[in-house]
Amino acid sequence: MLKTDYLIVGAGALGMSFADQLLTETDSKILFVDKHHLPGGHWNDAYSFVRLHQPSAFYGVGSRDLGSNRIDETGVNRGYYELASGAEIQTYFERLMRERFLPSGRVEYFPMCEYTDNGSFTSLLSGETQSVEVRRKVVDATFFNTSVPSTRTPKYEIADGVKLIAPNSLPTEVATHSRYTIIGGGKTAMDVAMWLLQNGAKPGSIRWVVPRDSWLINRETTQPGDAFHNRFIGAKAAQLESCANATSIADLFDLLEQSGQLLRIDKSITPTMYHGATIAQAEIDALGTIRNVIRKGHVQQIGLEKMILDDGEVISEANDLYIDCTASAIARRPTRPIFAGNSITLQMIRAGLFCFSAAVIAHLESTTDDDAQKNHLCPPLQAPDADTDWLLLMKAETSILKRWSTDASLRQWISQHRLGGANLRSKLSDSSDPQSQAIRARIKAASSQASENLDRLISQIGN
Ligand SMILES: Cc1cc2nc3c(=O)[nH]c(=O)nc-3n(C[C@H](O)[C@H](O)[C@H](O)COP(=O)(O)OP(=O)(O)OC[C@H]3O[C@@H](n4cnc5c(N)ncnc54)[C@H](O)[C@@H]3O)c2cc1C
């Protein structure tokens with residue numbers, strides 16, 4: 001029988017980040033089981049032009065940089081820290097497994113295997129089942145059930161003869177079509193629209209089915225590094241001031257938009273969605289050139305002559321190419337305690353910082369015995385969906401950071417961790433910079449009123 005200290009189900013970004021931290025901080029043995037043939041989870045199924053939407057500095061594992069932390073000099077991300085491509089991320093995780101994890105002699109990896117339950121897993125090829133004696137814990141690194149268009153069937157009907165593809169096939173299929181219909185309003189759809197525009201499609205040749213418009217995080221506000229430090233903390237100040245001063249939920253979003261925290265593609269539409277997607281103003285400008293946006297709810301059926309949606313229909317033409325971008329990326333499901341006896345469920349504890357969250361969970365697992373204490377420091381955050389989830393995340397994040405602030409050693413560990421941006425920070429204290437001081441004073445001044453007013457606004461959600 002196989003034996004290990006930690007059995008990790010899922011060698012995606014979260015499982016890899018968790019394991020990397022355990023390798024650094026403990027002498028534990030780890031056994032990975034994953035249905036994919038390579039580490040990296042959903043990145044193995046991604047379209048070739050996918051990139052991170054956040055700087056690479058915040059992604060991957062603690063022990064190794066992803067990319068070279070360059071600032072892009074060209075393209076829509078010009079002036080901002082680089083965004084790893086899907087291929088880079090796959091290579092990063094594959095090399096991490098091959099160069100660090102397996103040579104450590106403490107990691108075993110079983111690809112192409114499905115975990116069933118009770119410490120056993122089955123090979124997808126041979127059907128052989130193996131049992132594992134787990135001395136410490138089973139770690140569920142599959143909670144987000146990440147879904148991308150290439151691995152799922154759309155929920156709507158498609159008539160014979162209609163050409164519908166996942167974004168993965170776009171580069172090979174696009175040239176034989178002259179009109180393109182993008183289905184979905186999320187980040188994948190934005191990536192597809194950008195790809196079409198950047199590769200020469202005229203905005204007028206693109207139709208875009210957007211069931212819900214989205215608020216988007218302005219990439220300007222998420223940059224790590226000294227050069228952006230005051231803009232980074234300035235964004236925090238502006239968010240708190242918006243929360244403190246907003247007279248209603250609608251007013252809050254107005255204030256967040258006015259101060260450049262949140263962006264939207266069409267200023268005449270009030271978004272009802274927030275998935276935490278991050279975007280640059282240059283992308284917003286390009287996407288805004290697509291005028292044929294269909295806002296008639298979700299697609300129900302695509303026929304050769306018409307497309308039927310919840311709230312109406314539009315005509316189809318013979319040479320239309322439909323691109324399905326309706327997969328939900330990460331599943332929104334009820335959170336559960338992260339530490340529960342001999343199991344750990346990896347979840348998000350800092351908004352949008354998935355890999356960092358897994359590293360913090362591993363650090364607490366390595367340094368603290370008491371599950372109640374660990375769960376106190378790691379309340380899981382619900383993945384956002386509706387616009388108003390921005391408020392709930394803001395409140396939850398503030399509460400977590402407050403809890404962390406009372407633990408000096410955790411604070412110190414976080415301040416030095418690569419996934420918290422430490423590699424790009426040359427100075428930990430900016431107390432001598434008058435501009436930083438002024439921003440910090442704004443944060444202090446707004447904090448308490450922001451907290452009270454946020455509670456008041458949250459009580460109005462759904463009214
Ligand atoms: C297009 C896209 C772009 C993104 N960009 C960013 C970004 O810029 N920054 C960011 O922080 N996040 C980003 N995310 C969010 C991203 O989902 C998470 O960061 C992270 O990659 C999720 O990793 P995971 O390990 O939870 O899941 P997955 O990647 O889905 O990995 C889970 C693994 O578990 C395996 N598995 C599942 N069930 C079983 C089973 N029963 N037995 C064995 N194996 C099993 C699967 O095969 C899979 O390999 C992006 C997501 C998408 C889809």
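Let us begin with how to read the model. It is a predicted model, in which local features need pLDDT of at least 70 and side-chain atom pairs count only at pLDDT 80 or more, while totals for chains, interfaces and linings use all residues. Residues are numbered from 1 along each chain as its sequence is written.

Now look at the whole chain. The domain assignment, whose bounds come from an automatic or database source, gives domain 1 (2-145 + 331-390), domain 2 (147-212 + 286-329) and domain 3 (214-263 + 429-463). The centres of domain 1 and domain 2, taken over C-alpha atoms, are 31 Å apart. Eleven residues from domain 1 and 13 residues from domain 2 take part in the contact between them; two residues are in contact if their C-beta atoms, placed from the backbone, lie within 7 Å. On the domain 1 side of this contact there are six nonpolar residues, four polar and one charged. Here Ala, Val, Leu, Ile, Met, Phe, Trp, Tyr, Cys and Pro count as nonpolar, Asp, Glu, Lys and Arg as charged, and the others, Gly among them, as polar.

Next, follow strand β6 (residues 129-140) and its neighbours. Helices (H or I, at least four residues) and strands (E, at least two) are DSSP runs, numbered from the N terminus, and two strands pair if DSSP finds at least two bridges between them. Seven bridges link β6 in the parallel sense to strand β1 (residues 2-9), with Tyr6 facing Lys137 of β6 as its bridge partner. Strand β5 (residues 120-123) runs antiparallel to β6 and is joined to it by three bridges; there, Thr122 stands opposite Thr129. β5 and β6 form a hairpin with five residues between them, and Gly127 in the turn has a positive phi of about 80°. Strand β20 (residues 343-345) pairs with β6 in the parallel sense over three bridges, and Asp140 has Thr345 in β20 as its bridge partner.

Another group of strands forms an open sheet: four of them, in the order β7-β15-β16-β17, with mixed pairing. β7 (157-158) and β17 (312-315) stand at the edges, each with a single partner strand, so one side of each has no neighbour in the sheet. Within this sheet, four bridges join β16 (residues 306-309) to β17 in the antiparallel sense, and Lys306 has Ile315 as its bridge partner.

Finally, turn to the ligand. Of the 30 residues around the ligand, Gly10, Gly12, Gly41, Leu52 and Thr146 come nearest; a residue is near a molecule if its C-beta atom, placed from the backbone, lies within 6 Å of it. The largest share of this shell, three residues, comes from α1.
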